[in-house]
Amino acid sequence: MTLPLLFFTLSLLLGQSISDPDPLQDYCIADNKNTFFTNGLPCMDPKQATSSHFATSSLSKPGNTTNMFGFNVTPTSPVNLPGLNTLGLTLVRVDIAGNGIVPPHSHPRASEVTTCLKGLLLVGFVDTSNRAFTQNLSPGESFVFPKGLVHFLYNRDSKEPAIAISGLNSQNPGAQIASIASFASKPFIPNEILKKAFQISGQDVEMIRRKLGG
């Protein structure tokens, strides 16, 4: 491989590994009234910026955890925190009911750091060699989930709810729950694929689909 080709290849690889592009201005207040699409949202005139554009109370209220998994995620976004636009980060509040779980999932565009605020959490992720890293978190303790890797959060207390706050290094980290993606996609992944991939029967596939709302 020639030297110019090597540098070109490296530049492509590095371009795929970095987080959100750095902003070209001090801030970019999201103009939520526009209907055209950009990588982020269009910016309003900086002269119209106020302190309220950089503040939000959206994480102050508990989320509804009465679902099949017993968790709720409340994120910040340019809609409820317009000053966040183009800064390459997201904050989320995670509420987990007693024995509830944020099931194995991944964020394709972001790494995540989670801090336990209340309760007792068991958290962990699995790397690409299928090695699992788990940790018990008490209030004030934190754990990092590397970008794109499958991870989970579980409330070890059977009665009391748990609360965590997470920061992600993308304005739009994305989230894909492994079980939902596999068994409740639209249209469905063919049964034969799921039977072989998970080493289960066709009846098992249908049962899991029904339970996951597929």
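Predicted model: local features only at pLDDT ≥ 70, side-chain atom pairs only at ≥ 80, totals over all residues.
Strands here are DSSP runs of E with at least two residues, helices are runs of H or I with at least four, and both are numbered from the N terminus; two strands count as paired if DSSP finds at least two bridges between them. Residues are numbered from 1 along each chain as its sequence is written. Local features need pLDDT of at least 70 and side-chain atom pairs count only at pLDDT 80 or more, while totals for chains, interfaces and linings use all residues, and side-chain values use heavy atoms, leaving out hydrogens and water.

Val113 has Gly167 of β9 as its bridge partner. Thr114 stands opposite Ser166 in β9, and Thr114 also stands opposite Phe143 in β7. Strands β4 and β7 run antiparallel and are joined by four bridges. In general, strands of a sheet pair through backbone hydrogen bonds, either parallel or antiparallel.

These pairings belong to an open sheet of five strands, in the order β1-β2-β9-β4-β7, with antiparallel pairing. At the edges lie β1 (71-75) and β7 (142-145), each of which pairs on one side only. From one strand to the next, the twist averages 25 degrees, where axes are lines fitted to C-alpha atoms (for helices over the stretch in contact) and angles run from 0 to 180 degrees between N-to-C directions.

What about the core? The largest nonpolar core holds 23 residues, of which Ile96, Leu121, Val123 and Leu153 touch the most other members. Such a core is a set of buried Ala, Val, Leu, Ile, Met, Phe, Trp, Tyr and Cys residues joined through side-chain atoms within 4.5 Å, with buried meaning under 20% relative accessible area (1.4 Å probe, protein chains only). At least two residues of this core come from each of β2 (90-96), β5 (121-126), β7 and β9. Beyond its neighbours within four places in sequence, Ile96 is in contact (heavy atoms within 4.5 Å) with residues including Phe71, Leu121, Leu153 and Ala162.

Finally, the whole protein chain comes to four helices and 10 strands, following the pattern α-β-β-β-β-β-β-β-β-β-β-α-α-α along the sequence. Of its 214 residues, 32% are buried. Among contacts with a separation of 6 or more, 68% involve residues 24 or more positions apart.

Key: Buried < 20%, exposed > 50% of the residue type's maximum accessible area, 1.4 Å probe, protein only.
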